[in-house]
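I opened my notebook to keep track of what I looked up, one stop at a time. Here are the entries.

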Amino acid sequence: MEEVSVRGRAAVPVLTTAAMTASMLPLFLLGALSPALVREFGIERPLLGVLVTAGFGVAVVLSLAIGPAVDALGPRRSIIALFATSAVALAVFALAPHYAVLVCAVALGGVPQALANPSTNKLIATSVEPARRPVLLGIKQSGVQLGAFLAGLPLAWLADGVDWRLAVGVAAGLALVAAFGCLVLPQDVAPPRRVPFALSVGSGGLIWRLAAFSVLLGSGIAAVNTYVALYATEELGFGAPVAAGLVAVLGVVGIAGRIVWSRVAGRELLVGLSAAAVLAPLLLLTGVPVLAWAAMVVVGGCAVAANAISMVLVVAASRGPELGRNSALVSAGFFAGFAVGPPLFGLLGYDAGWVLVAVEFGLAAVVAWRAR
C-alpha cells in the first residue's frame, strides 16, 4: 500500500463518496423529477422505465470490460473520468429539448455508473490500511444515497420553485468541480497502458452469487427509486415536492444504514436485510399515505444497506489484481437489475409492480442464503 499524504488521506473518503453520488444522481433525478418529466415530455409511465434502462444497460455492458481498464489506468484517473463524464451527462440532461436527447443523456450516465465501484474500491484498497477499509467502504457506498437525498430534497425543491433544468444544471456544475478536486488524490502508481477488451470473470463462486444477488436487489431498488414519487402523486394525493421527499427519506436512511451495517458486514446479514426489505412494497400496496414513509425507511435501512454489504464482501474476498474485475462483475449484476426492474414495473402497473418488488427482495434473500 502506497504512502498517502495527510491531504490525500482526508480526500479519499470525501471524493469516493462524491463519486458514488455523481454516478447515480441521474437515476434519482429521474425518480424525484418524474412528475415534471412526464408532464413536459408527454411520456407514458413505461417510457420512464425505459430511461432508466438506457443508463443501466450501458453500465452493464461497460462493467463487463471496465474492471481491467480501472486496474490498468489506476483509480485516480478513473475517478476523474467518472466526474467529467457525469458533468457532461447531467449537462445534456439539463438541456435536453425532447425525450430522445434525454435518453442519450441518461445512457451516457451509464459510463460513470460502470466506473464507480471498481475505481473507488481500488482507491480504498490501495491507499487505506485494512482495518479502516470496511468503514470507509460503507461511507463511500452511502454516497449513492446522498444522491437520493440531494435529488429528493434540495434539487427537487429548486426544480419546483424555479426550474427542473436549473436543478440538473447545478448538479452538472458540482460534478465538474469534483473532477478538479481529484487532483489531491494519491497518484496512480503505474502509467497508462493499452487496455485490451476483456470480460471480468470474477474469482470463485461467492462473486458470482453476489452478482446474482445484486440483480434481484437492484431490480427492486430501481423500481422503488423510479416510481415511488410518481405513485405518491398519482395514487396517494401527494404534491410533487412532498412526493420527492420520499426519495430524500430513502436517501437519508440509506446513508445511515450503509455506514452502520458495514461495521458488522457478513454474509448472514445479507439474508436478514434483503428478507426484511420485503415489508416495504407490502406497505406501499396498502395505499395508506403515512405508510409510504415507513416503506422508504425500510428500503433505505435494509435493501439499500445490503448493497453496501455486498461490496464489503467483494473487497474482503478479492486479491489485489482481481479487485477491479470482481467489483465490476458484481456491479454489472446490480446494474442489470436496475436496467430490467423499472420497465417491468411500468408494464405491470402499481399493484402488480409492488408485488414483483416483494418477490425480488425475497428471492435476493434466498440467493444470499445460498452464498453462505
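**Entry 1: helix H2.** I started with helix H2, residues 34–41, and found it mostly covered, with six of its eight residues buried. Buried means under 20% relative accessible area, exposed means over 50%, and partly exposed is in between, using a 1.4 Å probe and protein chains only. I noted the buried ones in H2 as Ser34, Pro35, Ala36, Leu37, Val38 and Phe41. Just after H2, I saw that Gly42 takes a positive phi of about 60°. As for the helix names, helices are DSSP runs of H or I with at least four residues, strands are E runs of at least two, and the numbering goes from the N terminus.

**Entry 2: ground rules.** I reminded myself that this is a predicted model, where local features need pLDDT of at least 70, side-chain atom pairs count only at pLDDT 80 or more, and totals for chains, interfaces and linings use all residues. Residues are numbered from 1 along each chain as its sequence is written, and side-chain values use heavy atoms, with hydrogens and water left out.

**Entry 3: helix H8.** Which residues of helix H8 are buried? I listed Leu155, Ala156 and Ala159 for this helix, which covers residues 154–161. Looking down the axis of H8, I found its buried residues within an arc of 100°, so they line one face of the helix. The arc is taken from the directions that run from the helix axis to the C-beta atoms. On the other side of H8, Trp157 and Gly161 are exposed.

**Entry 4: H10 against H16.** Next I checked how helix H10 (residues 205–235) packs with helix H16 (residues 350–370): the angle is about 155° and the axes are 9 Å apart. That makes H10 roughly antiparallel to H16. The cut-offs I wrote down are under 35 degrees for roughly parallel, over 145 for roughly antiparallel, 65 to 115 for roughly perpendicular, and oblique for the rest. Axes are lines fitted to C-alpha atoms, for helices over the stretch in contact, and angles run from 0 to 180 degrees between N-to-C directions.

The crossing of H10 and H16 is left-handed, a word used if the near helix is turned anticlockwise from the far one by less than a right angle (right-handed if clockwise). In the contact of H10 with H16, I noted 19 nonpolar residues, two polar and five charged. Here Ala, Val, Leu, Ile, Met, Phe, Trp, Tyr, Cys and Pro count as nonpolar, Asp, Glu, Lys and Arg as charged, and the others, Gly among them, as polar.

**Entry 5: rings.** How many aromatic pairs does the structure hold? I got 11. Rings of Phe, Tyr and Trp (its six-membered ring) pair if their centres lie within 6.5 Å. Ring pairs also link Tyr227, Tyr231, Phe345, Tyr350 and Trp354 into a cluster.

**Entry 6: single residues.** I looked up Arg258 in helix H11, and it is buried, with a relative accessible area of 1%.

Val297 sits in helix H14, residues 289–317, and counts as partly exposed at 41% relative accessibility.

How values were computed: Rings of Phe, Tyr and Trp (its six-membered ring) pair if their centres lie within 6.5 Å; planes under 30 degrees apart count as stacked, over 60 as edge-to-face and the rest as tilted.
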